[in-house]
There are 2 protein chains.
Amino acid sequence: MDKIIGIDIGGTKIAIGRADSRGNLEDSVRFPTDVSRGYRSILEEIIEKTSKLFERDSVKAIGIGCGGPLDSKKGRILSPPNLPGWDDVPLVDDIKGVFNVPVYLENDANAAALGEFYFGAGKDVSNMVYMTLSTGIGGGIILNNKLIHGVRDSGGEVGHQTILPDGPLCNCGNRGCLEALSSGTGIAKIFREKLASGRESIVTSWVKEPEEISAKIIADAAKAGDSLSKEVWDSAIYYLGIGISNIVTIVSPEMVVLGGSLTKYGESLFVNVRKIVKERARLVPVDEIKIVPAQLGDNVGILGAVAVGLLGDER
Amino acid sequence: MDKIIGIDIGGTKIAIGRADSRGNLEDSVRFPTDVSRGYRSILEEIIEKTSKLFERDSVKAIGIGCGGPLDSKKGRILSPPNLPGWDDVPLVDDIKGVFNVPVYLENDANAAALGEFYFGAGKDVSNMVYMTLSTGIGGGIILNNKLIHGVRDSGGEVGHQTILPDGPLCNCGNRGCLEALSSGTGIAKIFREKLASGRESIVTSWVKEPEEISAKIIADAAKAGDSLSKEVWDSAIYYLGIGISNIVTIVSPEMVVLGGSLTKYGESLFVNVRKIVKERARLVPVDEIKIVPAQLGDNVGILGAVAVGLLGDER
């Protein structure tokens with residue numbers, strides 16, 4: 001069976017794996033991204049680790065998932081904030097030159113979406129939205145079996161829809177983005193602001209510094225009955241539900257797949273999100289749209305990159 | 001050259017036309033929809049009028065645009081609110097049985113989107129969102145050259161995204177939908193509520209009854225310097241801009257085409273919408289996404305239906 005190498009490049013770690021065309025991972029390696037070393041040095045390490053996984057006779061393609069902005073068609077990385085010094089670098093050509101197989105590049109959220117679509121939760125549908133709920137909120141959209149790349153690979157930025165026009169400032173510069181309201185970073189920031197304004201919470205006795213407060217701690221405190229934590233967590237899930245109802249209303253996919261660390265904290269997250277979507281998205285048959293957890297877990301990055309390599313220009 | 005018949009069925013009027021495959025309308029007829037007559041009688045009139053336009057040798061297909069809900073694959077109309085008595089009727093089979101050419105059905109907003117995509121503003125792009133801003137706000141989305149049908153033909157309901165979670169009640173049952181904030185009906189309702197709460201406006205001297213107040217009158221009064229009208233109109237355009245920025249953020253199309261009566265009232269509508277989208281949609285290259293007026297005018301219904309017939313199962 002043909003094999004594919006998937007390379008998942010993030011700002012904190014890089015994961016490389018070899019899988020068959022059904023997404024069975026045969027071997028993989030993970031190592032930290034020492035961003036201070038810059039592009040050339042990290043590229044050399046990627047090539048060295050890839051060489052160990054590469055089998056000349058069976059590996060037919062290499063897929064790469066990387067943080068954007070990037071140009072998926074030209075295979076270039078365009079100054080991503082989490083990879084300083086990667087300024088308009090020809091990543092695809094640099095790797096293709098070594099291994100001499102087709103190499104394909106996609107932004108990491110789109111790659112993850114393709115991974116879940118081909119190997120995970122979405123493998124039986126043709127229309128799927130993937131959202132990753134973590135420190136930020138990213139996503140990828142697949143409709144009629146094709147990834148929605150968007151203009152300059154900017155499609156699927158589901159975390160930056162405006163949910164609350166006068167809401168909190170988002171890192172992107174807009175106000176009231178879903179990411180500012182419901183991401184891990186957003187939830188922690190809102191919580192800290194409420195503490196600073198005089199609200200009380202058991203969480204203050206759990207941490208030494210307010211900076212230690214995370215969405216996970218807030219979710220745990222909410223479960224333990226802390227009223228401020230419950231208020232902030234429930235509000236985040238409420239806005240998440242609105243964001244998903246908007247996506248569902250606009251593109252009406254067969255399935256919404258939710259991945260990322262936040263989906264693990266609140267057990268009732270899926271129940272509550274489905275309830276809000278049903279209340280809000282009145283013109284779509286919500287009961288026929290599945291809202292489900294991602295299935296690939298920590299392998300979503302590698303398997304997403306594998307899907308990118310497998311599909312090549314057909315994605 | 002092959003010809004196509006397009007049939008546009010609305011709750012107040014029906015328009016039927018014959019066009020060539022480039023969308024040049026050769027002949028057409030329009031007549032009121034006497035909904036009280038029910039399905040069979042209106043169907044007979046549609047067939048009679050279509051017969052006069054039908055040319056046996058050249059007409060290769062018939063396309064129909066009709067208000068939903070409907071089943072585009074099965075060619076059935078499913079109890080649309082504006083066509084009482086059309087309960088699960090086999091419209092496509094009923095027309096195919098008479099003319100013996102392929103007949104295709106699409107909901108009216110999706111048909112209009114296809115019309116603008118093939119014959120109008122979008123003919124040079126592959127990814128386009130069409131929005132009709134009228135008494136309601138509808139739309140259709142075409143990505144990778146394919147219409148996004150959605151589950152049970154519910155895709156593209158761009159008017160029912162939530163813009164203001166605690167906003168005014170929408171006809172659909174949700175709160176703060178774009179349609180409740182920025183449609184003709186929504187604008188007039190918000191305006192009347194402000195009058196009822198004691199606000200003053202020159203508009204009260206222009207009409208006999210509050211029910212006569214329309215979005216057009218409010219737009220005219222805003223231009224004449226009426227402060228309440230300007231406030232309500234500007235607010236509607238502000239929320240419209242947010243709605244479009246959300247669509248742009250999620251699917252990042254090459255072009256957004258705006259049609260419908262509202263686009264004709266405020267001269268600065270496009271300028272203001274573009275400004276808001278640029279402020280809000282920070283992660284997409286907004287300068288490369290065209291936001292433009294529809295080009296087909298009053299023929300969008302017929303030519304949309306023609307596009308449905310022309311494309312058939314390829315749409």
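Let's start with a residue pair. I77(A) stands opposite V89(A) in β7(A). Those two sit on strands β6 (residues 76–78) and β7 of chain A, which run antiparallel and are joined by two bridges. A word on terms: strands are DSSP runs of E of at least two residues, helices are runs of H or I of at least four, and both are numbered from the N terminus. Strands count as paired if DSSP finds at least two bridges between them.

The sheet here is open, has three strands and runs β5-β6-β7 in chain A, with antiparallel pairing. Its edge strands are β5 and β7 (87–89) of chain A, each pairing on one side only.

Before going on, what you are looking at is a predicted model: local features need pLDDT of at least 70, side-chain atom pairs count only at pLDDT 80 or more, and totals for chains, interfaces and linings use all residues. Residues are numbered from 1 along each chain as its sequence is written, and chains are lettered from A and ligands numbered from 1 in the order in which they are written.

Next, strand β4 of chain A. Is β4 (residues 59–66) of chain A largely enclosed or open? Six of its eight residues are buried, so the rest of the structure largely encloses this strand. Buried means 20 or more other C-beta atoms within 10 Å of the residue's own; exposed means 12 or fewer; partly exposed is in between, with C-beta atoms placed from the backbone. β4(A) has a parallel partner in strand β1 (residues 3–9) of chain A, through seven bridges. There, I9(A) has C66(A) as its bridge partner. Strand β8 (residues 103–107) of chain A also pairs with β4(A), again in the parallel sense, over five bridges.

P69(A) lies between β4 and β5 of chain A. The bond joining G68(A) and P69(A) is a cis peptide, with omega about 0 degrees. Chain B has a cis bond from G68(B) to P69(B), with omega near 0 degrees.

Now the domains. Chain A is divided into domain 1 (3–116 + 298–314) and domain 2 (125–294). Those bounds come from an automatic or database domain assignment. The C-alpha centres of the two domains of chain A lie 27 Å apart. For the classes, Ala, Val, Leu, Ile, Met, Phe, Trp, Tyr, Cys and Pro are nonpolar, Asp, Glu, Lys and Arg are charged, and the others, Gly among them, are polar.

On to the chain interface. Chain A gives 36 residues to the contact, and chain B gives 36. In chain A, β10 (137–143) and α7 (227–251) each supply at least two residues of the side that touches chain B. The largest share of that side, seven residues, comes from α7(A). By class, the side of chain A has 16 nonpolar, 13 polar and seven charged residues.

How do the copies relate? Chain A can be laid on chain B with an RMSD of 0.1 Å, by a turn of 180 degrees and a shift of 0.0 Å along the axis. The two copies are thus related as by a two-fold rotation axis. The same surface serves both: 100% of the contact residues of chain A recur in chain B. The superposition is by least squares on C-alpha atoms of residues with pLDDT of at least 70 in both.

Now the core. In soluble globular proteins, nonpolar side chains tend to be buried together. The largest nonpolar core here has 204 residues, and among those touching the most other members are I64(A), I218(A) and V256(A). Such a core is a set of buried Ala, Val, Leu, Ile, Met, Phe, Trp, Tyr and Cys residues joined through C-beta atoms within 7 Å. Beyond its neighbours within four places in sequence, I218(A) is in contact with residues including I187(A), F191(A) and W233(A).

Last, a hairpin in chain B. β2(B) and β3(B) form it, with four residues between them. In the turn, G23(B) has a positive phi of about 85 degrees. Across the strands, R18(B) stands opposite D27(B) in β3(B).

Note on methods
Contact = placed C-beta atoms within 7 Å.
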